[in-house]
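Colleague: I would like to learn how to read a model of this kind step by step, with the general idea ahead of each case. Could we begin with how the chains meet?

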Protein chains: 2
Amino acid sequence: MTRVAEVMPGYGYGDATLTASPVTLEELEQLKITVGLTGDDERYLRLAGEVLTGQTTPIVLHWRSQIIAHIPHLARHSRALDGSPLPAYLAASNLRFEQWILDTCLRPYDRTWLDYQHEIALRHTSAKKNQTDGAPSTPFVPLRDVLGFVAVMNDTIRPYLAAKGHAPAEVEGMHRAWCRAIQLQVALWAKAYGGGEW
Amino acid sequence: MTRVAEVMPGYGYGDATLTASPVTLEELEQLKITVGLTGDDERYLRLAGEVLTGQTTPIVLHWRSQIIAHIPHLARHSRALDGSPLPAYLAASNLRFEQWILDTCLRPYDRTWLDYQHEIALRHTSAKKNQTDGAPSTPFVPLRDVLGFVAVMNDTIRPYLAAKGHAPAEVEGMHRAWCRAIQLQVALWAKAYGGGEW
């Protein structure tokens, strides 16, 4: 598996200690159908993974420094409650954010992946936010902001998908697959926020 | 306001009897920022509204007949519990679905709009599903499917945005604005599903 760094504090993909996702594999298969994710998309995701490998640092910097840092109601989730920076927390979570990009593209969407999706989701809720890094930050990231920021990620990822000279139709295919994969993931994450009719 | 039909049973935009949205205008403004919705996008949404006017019937047929009808776990929400069709329910909700496309593009996102967003959301949950039409259908549409189907709507709307001969950059602008507006709306709808950390 392609890793963005040898050491990634708190990156727990495949850890046996993780809480199992309450989502069944059948629900996952249905959700793939809902978002329209096909075998073609899976191939395009692999291609996107190759294209994005080596670009995850500028992508996450783009999201964090050029966008989130300028939006106080989002930036606060990586900061202390008084607004002061938490550089170690930000650095560790940025590295995991980078790896998430590659995992989105290159991991098989199986039980292990599903369990780590649940872990990612829990780390945005009061069940687990801050715990991994011992960070004195906000208690949770509101679901609405997790869902909403998808629009920004989907929009801004496009030039990075085009950065290695693929034909427009291939870039389009990678982007379509990316958007479907992200919508699949946030739909999964919503489960951890606890509404009864997930 | 452009209407897709003179008579739209159950279309309650602006009705004084609606439950007020629990979302504040300040939260709405923040959410616009989260999804990246700008003044430019608002202009592109108006243009999209002009372009999509007259096309809402084929768009909704595309979504309902070509896609949802072939996905049993989605199609069942417009059917009786035994799977038999409910033509009157489907017809009425299709008409509201059509109008929702135009409302997405042409309505100002104000308190009235926010209250109707909440009404739309409630009509997907057990709080209000089926009530408007007295339909004996499924008790709710799972949040995951509402969130997931966004990927399909965003993808399939594009040719309709291009159907009236606008320049590629304008089509792109309309599509970007559409995607942001839809992500904003599903983030709002998630509130009605009752997770505590919305």
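Modeller: Two residues are in contact if their C-beta atoms, placed from the backbone, lie within 7 Å. By that rule, 38 residues of chain A are in contact with 38 residues of chain B. This is a predicted model, in which local features need pLDDT of at least 70 and side-chain atom pairs count only at pLDDT 80 or more, while totals for chains, interfaces and linings use all residues. Residues are numbered from 1 along each chain as its sequence is written, and chains are lettered from A and ligands numbered from 1 in the order in which they are written.

Colleague: What confidence does the predictor give to chain A and to the complex?

Modeller: The predictor's confidence in each residue is its pLDDT, which runs from 0 to 100. For chain A the mean pLDDT is 97, and 100% of its residues reach 70 or more. For the complex, the predictor gives an ipTM of 0.97 and a pTM of 0.98.

Colleague: Which helices of chain A supply at least two residues each to the side that touches chain B?

Modeller: Helices (H or I, at least four residues) and strands (E, at least two) are DSSP runs, numbered from the N terminus. On the side of chain A that touches chain B, at least two residues each come from helix 1 (25–35), helix 4 (72–75), helix 7 (143–156) and helix 9 (168–190) of chain A. Helix 7 of chain A gives the most to that side, with eleven residues.

Colleague: By what turn and shift can chain A be laid on chain B?

Modeller: Copies are superposed by least squares on the C-alpha atoms of residues with pLDDT of at least 70 in both. Chain A can be laid on chain B with an RMSD of 0.0 Å by a turn of 180° and a shift of 0.0 Å along the axis. The two copies are therefore related as by a two-fold rotation axis. In chain A, the C-alpha nearest the axis belongs to A:G195, 2.0 Å from it. The same surface serves both copies, since 100% of the contact residues of chain A recur in chain B.

Colleague: Within chain A, at what angle do helix 2 and helix 9 cross?

Modeller: Axes are lines fitted to C-alpha atoms, for helices over the stretch in contact, and angles run from 0 to 180 degrees between N-to-C directions. The axes of helix 2 (residues 39–52) and helix 9 of chain A come within 8 Å and cross at roughly 105°. That makes helix 2 of chain A roughly perpendicular to helix 9 of chain A, where angles under 35 degrees count as roughly parallel, over 145 as roughly antiparallel, 65 to 115 as roughly perpendicular and the rest as oblique. In this contact, A:D41, A:Y44, A:L45, A:L47, A:A48 and A:V51 in helix 2 of chain A meet A:E170, A:G173, A:M174, A:R176, A:A177, A:W178, A:R180 and A:A181 in helix 9 of chain A. The residues of this contact divide into nine nonpolar, one polar and four charged.

Colleague: Why does A:H175 count as partly exposed?

Modeller: A residue is buried if 20 or more other C-beta atoms lie within 10 Å of its own, exposed if 12 or fewer, and partly exposed in between, with C-beta atoms placed from the backbone. A:H175 counts as partly exposed because it has 19 C-beta neighbours inside 10 Å. A:H175 is found in helix 9 of chain A, and A:H175 touches A:R158 and A:L161, not counting residues up to four places away in sequence.

Colleague: Are B:I120 and B:A88 buried or exposed?

Modeller: B:I120, in helix 6 of chain B, is buried, with 20 other C-beta atoms within 10 Å. B:A88, in helix 5 of chain B, counts as exposed, with 12 C-beta neighbours inside 10 Å.

Colleague: Where does A:N130 lie, and what is its phi?

Modeller: A:N130 lies in the loop between helix 6 (111–122) and helix 7 of chain A. The phi of A:N130 is near 80°, a positive value in a residue other than glycine.

Key: Ala, Val, Leu, Ile, Met, Phe, Trp, Tyr, Cys and Pro count as nonpolar, Asp, Glu, Lys and Arg as charged, and the others, Gly among them, as polar.
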